[in-house]
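Hi everyone, thanks for coming. Let's take a look at this one together, helices to begin with and then the ligand.

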Amino acid sequence: MSTSNHFDSIADSFNRLWYFSDDYKDFVIQHIIDELTLSGEDILVDIGGGTGTFTSRLEQESCLKKAYCIEPASAMCEEASKLTNITAICGDAHTFLATKTPFTKILLKEVIHHIPEREAFWKTVHTMLPHRGKLLIITRPQHVAFPFFKAAKEAFARNQPPHELFESQLRECGFEVETTLRSHTFTLSKERWYEMLRHRFMSDLGVFSDEEIEEGIREIEENYTRESIDIIDNLIFITATKK
Ligand SMILES: C[S@@+](CC[C@H](N)C(=O)[O-])C[C@H]1O[C@@H](n2cnc3c(N)ncnc32)[C@H](O)[C@@H]1O
């Protein structure tokens with residue numbers, strides 16, 4: 001299944017599936033606002049913004065001049081277009097840049113590994129950003145600490161380029177680059193975590209059949225004996241500023 005079809009298939013349950021905790025959302029939102037130094041002067045573009053929940057909160061909390069949610073999966077984009085304080089555009093990262101819509105800040109949260117021809121993408125973003133304009137990537141290391149089964153960890157690592165690659169490409173384009181690793185731990189009931197796996201909340205899980213997911217859950221059961229499960233989410237924040 002292609003990435004955008006995968007996200008179309010989980011669009012109606014995406015917000016529920018990806019709901020870790022209010023704390024988790026607040027933690028991520030606050031770091032985005034700080035890293036991008038968002039203010040009322042900014043036009044924000046959230047590439048691969050999904051159902052627009054993050055775009056919308058960022059708009060509200062920073063009183064942005066304008067906020068765009070760019071999303072190629074039409075079912076996800078349809079959800080985002082219901083949020084009245086943002087503009088949802090159905091399309092991919094490159095298609096959006098080709099429209100030459102001006103912006104001052106750009107967010108790529110959990111999407112960079114889906115975008116092809118990244119070097120061309122950085123170059124265009126660098127040209128379009130104003131002086132001191134910023135780009136923020138939020139991504140994960142190739143080896144996640146999530147309680148996945150072994151084959152899921154391997155699938156994730158295969159799909160996730162090392163973050164150092166993004167850093168060096170951005171520096172080559174002329175950006176100032178700063179990287180910070182941040183970790184957030186939360187506890188879910190096993191039942192909830194297994195529901196997320198069964199719904200393939202991450203596109204890396206889309207390659208597994210129902211039988212393989214059930215087998216994976218049995219593997220996790222052997223390693224985690226308590227009723228609840230600690231989820232450690234290690235996130236990488238890469239901030240690139242135009243000099
Ligand atoms: C894991 S979701 C992240 C959604 C949102 N950024 C968030 O953090 O809640 C990845 C999103 O990227 C979108 N996507 C996939 N390929 C893309 C591309 N080439 N350009 C823009 N978005 C893309 C998917 O449709 C999906 O909605």
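**Helix packing and the ligand site**

A quick word on terms: angles under 35 degrees count as roughly parallel, over 145 as roughly antiparallel, 65 to 115 as roughly perpendicular, and the rest as oblique. What you have on screen is a predicted model, where local features need pLDDT of at least 70 and side-chain atom pairs count only at pLDDT 80 or more, while totals for chains, interfaces and linings use all residues. Residues are numbered from 1 along each chain as its sequence is written, and side-chain values use heavy atoms, with hydrogens and water left out.

Back to that pair. The axes of α3 (residues 22-35) and α4 (residues 53-62) come within 11 Å and cross at roughly 60°. Axes here are lines fitted to C-alpha atoms, for helices over the stretch in contact, with angles from 0 to 180 degrees between N-to-C directions. Helices are DSSP runs (H or I, at least four residues), numbered from the N terminus. α3 passes α4 in a right-handed crossing, meaning that the near helix is turned clockwise from the far one by less than a right angle.

Now find α7 (residues 118-128) and α9 (residues 163-172): their axes come within 10 Å, crossing at roughly 45°. So α7 and α9 are oblique to each other, and their crossing is right-handed.

How are α10 and α11 oriented to each other? They are roughly antiparallel, since α10 (residues 190-198) and α11 (residues 210-223) pack at an angle of about 150° with their axes 10 Å apart. The crossing of α10 and α11 is right-handed.

On to the ligand. Of the 19 residues around it, G48, E71, A93, K109 and V111 come nearest; being around it takes a heavy atom within 4 Å. For polar contacts (pairs of N or O atoms within 3.5 Å), start at G48, where a polar backbone atom is 2.8 Å from a ligand nitrogen. A polar side-chain atom of E71 lies 2.6 Å from a ligand oxygen, and an N or O atom in the K109 side chain is 2.7 Å from an oxygen of the ligand. The protein covers 93% of the 600 Å² of accessible area that the ligand has on its own (Shrake-Rupley, 1.4 Å probe).

Methods:
Polar contact = N/O pair within 3.5 Å; in protein donor to acceptor, adjacent residues only side chain to side chain. Helix = DSSP H or I, 4+ residues; strand = E, 2+ residues; numbered from the N terminus.
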